[in-house]
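Open your viewer and keep the selection tool ready. This tour goes stop by stop, with something to select at each one.

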Amino acid sequence: MTASLLIFALAPGLVFSWCTTPHFATQSPGACTFSQPHRYLTSLRAPSPSGVENRAPMETLPVPSSGSEGNKLFVNTPLLSQLLASQLIIAVAAAIVTRGSTLKIIAESIGYDHPAPIALGLLCVLPLVALNRFLETSESSLFAEINLSTNLFVYSVFGPRRQPVVTAIVSLGMCLLVGTVEETVFRGQLFPIFNQWISAFDVDLTSFESGLLAALLSSAAFAAGHLNLRGGLSQIFTEEAQVLFALQLFGAMLYCAMYVVTGDLTVPVMAHAAYDFNVFFGTHMRLTSQLAYARGLAKSLESDEEAGMEKLRYVFYLMDIDQDGYVSRKELRIGLYSFGVELPRSWSGGVFGMADKDKSGQLDFNEFVEFVKNGSGEASNALKRSILGVRS
C-alpha cells in the first residue's frame, strides 16, 4: 500500500507542473499577453567575453495597452480548475488506496473550528513566510527566475487588475484545499507509514532517528511531487529544480515537525494553507501595485515625445521595485534578468557604473534612456531588442 500511495501522491505533481506553465492560461487577462511562452530554462549558455551570460529571454510582464486593465473582475477559471483537479486526484486516489482512511483522517483529525491549533499553525509558519519574503527580494539569478515564474503564474490566474476581495476569497479556498489534501496524505498518512516500515526492519535506530528518517522520506516525496517535469526528466537536474526541491523539502520538514510536536494535523494544515495564501495573495497585491505604478507613470508623456518612450518609462518603473523614482544596481540586475541577461554580481556594478553618469548610486529615467539607446554591451542591447525592437 505504501508504494501505491506514494505513486498517487506524486502523480498530481505532474498535473500541477503541466498546468502551471503560463501558456496554459487559456483566458487572457485583458489585452495583456505574454510573448515567448517558455517558462523553464534547461541550461545557460557560456558567458560572453564581456562576462554577461546570454540566455533565452523569459516572459516579461506585458507592456501597457489601451484598456488592458478594464473594470471587469478576472479569474482564470480553466487554469484554476486544473489546479483544483490535481488536488482532487490526489485525495480520491489516496482514499481508494487506503480504503477511505484519507477521508476519515480529514473528518476526524482536522479541526477547522478549533481556534488554538489554527492560531498555532499561523504562528509556526511565520519563519517560512519571512524566508520567502527574503528570497523574493534576492538578486540571485536562481531566485530571480523562480520569482519571475511565480509572478507570471499569479498574473495568469488573477490578471493585471488589483482585486483584493476576489483574490483573497479564491486564494483562501484553494489554499485550504491544498493544505488539507497534501498535509493529510504526506504528513497524516505517508509519514506514519514510512515510520512503521522503518521500524519493521531490524536496524539499530532509536525512535527519534527512525522518525527523522520517516520525516525525510515523506518530505522528499512531497518535494519531488512539486517538481516541474513538463520538459522531461532532464528538468530535475537543473539548478532551478534543485533549489525548488531544497526549499520544498525544508518547508515539508517544518510542517512535519509541527505535526510531531503538537500531535494535531490541524497545525500543519493551517500553516501550509497560510503560506500558500501569502504567496498567492501577497504576490497579486505586490504585482498589481507595481503594474499600476509603472503604468501610471508611463502614461505621463509629453505630446512630442518619440515613439517607444512609453515602453521605456513602463520598463523603468517596473524595475523600480521600491517605487522611489530611481533604479538601483540591484533593481537593474534583477530587471535585466527578465530580458534574458544574467549579470554576474561582480560585473553588475561595472555595468551600472557606466549607466550612472552622475555617480549618484541610482539611475534616473534620463540615465536609463541613455543607457538603453546609446549604451554598448549585451545588457543595453538586450533592452534595445526587447523594448524598442532594435537589432544591434
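**Before you start**

This is a predicted model, where local features need pLDDT of at least 70, side-chain atom pairs count only at pLDDT 80 or more, and totals for chains, interfaces and linings use all residues. Residues are numbered from 1 along each chain as its sequence is written, and side-chain values use heavy atoms, with hydrogens and water left out.

**Stop 1: Phe153 and Phe280**

Select Phe153 and Phe280. Their ring centres are 5.9 Å apart and their planes are at 70°, so this pair is edge-to-face. Rings of Phe, Tyr and Trp (its six-membered ring) pair if their centres lie within 6.5 Å; planes under 30 degrees apart count as stacked, over 60 as edge-to-face and the rest as tilted. The whole structure holds 10 aromatic pairs.

Now colour the helices. Phe153 sits in helix H6 (residues 141–158) and Phe280 in helix H10 (residues 266–298), so the pair links distant parts of the chain, 127 residues apart. Helices (H or I, at least four residues) are DSSP runs, numbered from the N terminus.

Buried means under 20% relative accessible area, exposed over 50%, and partly exposed in between (1.4 Å probe, protein chains only).

**Stop 2: Val154**

Stay in helix H6 and select Val154. Val154 is buried, with 2% relative accessibility.

**Stop 3: Phe277 and Phe281**

Move to helix H10 and select Phe277 and Phe281. This aromatic pair is stacked, with 5.3 Å from centre to centre and 10° between the planes. The two residues are 4 apart in the helix, which means about one helical turn separates them. Phe277 is partly exposed, at 24% relative accessibility.

**Stop 4: H9 against H10**

Show helix H9 (residues 239–262) beside H10. How do their axes cross? They come within 8 Å and cross at roughly 155°. Axes are lines fitted to C-alpha atoms, for helices over the stretch in contact, and angles run from 0 to 180 degrees between N-to-C directions. H9 and H10 are therefore roughly antiparallel. Angles under 35 degrees count as roughly parallel, over 145 as roughly antiparallel, 65 to 115 as roughly perpendicular and the rest as oblique.

**Stop 5**

Select Leu217 in helix H8 (residues 207–224). Leu217 is partly exposed, at 31% relative accessible area. Phe194 is 23 residues away in sequence and 7.3 Å away in space, C-alpha to C-alpha.

Next, select Arg187 and Phe222. Arg187 lies over the face of the Phe222 ring, 4.7 Å from its centre. A charge sits over a ring if NZ of Lys or CZ of Arg is within 6 Å of the ring centre and within 35 degrees of the ring normal.

**Stop 5**

Residues 351–378 are 57% helix and 0% strand, with end C-alpha atoms 10 Å apart.

Finish with the rings of Tyr293, Phe316, Tyr317, Phe365 and Phe368, which form one aromatic cluster.
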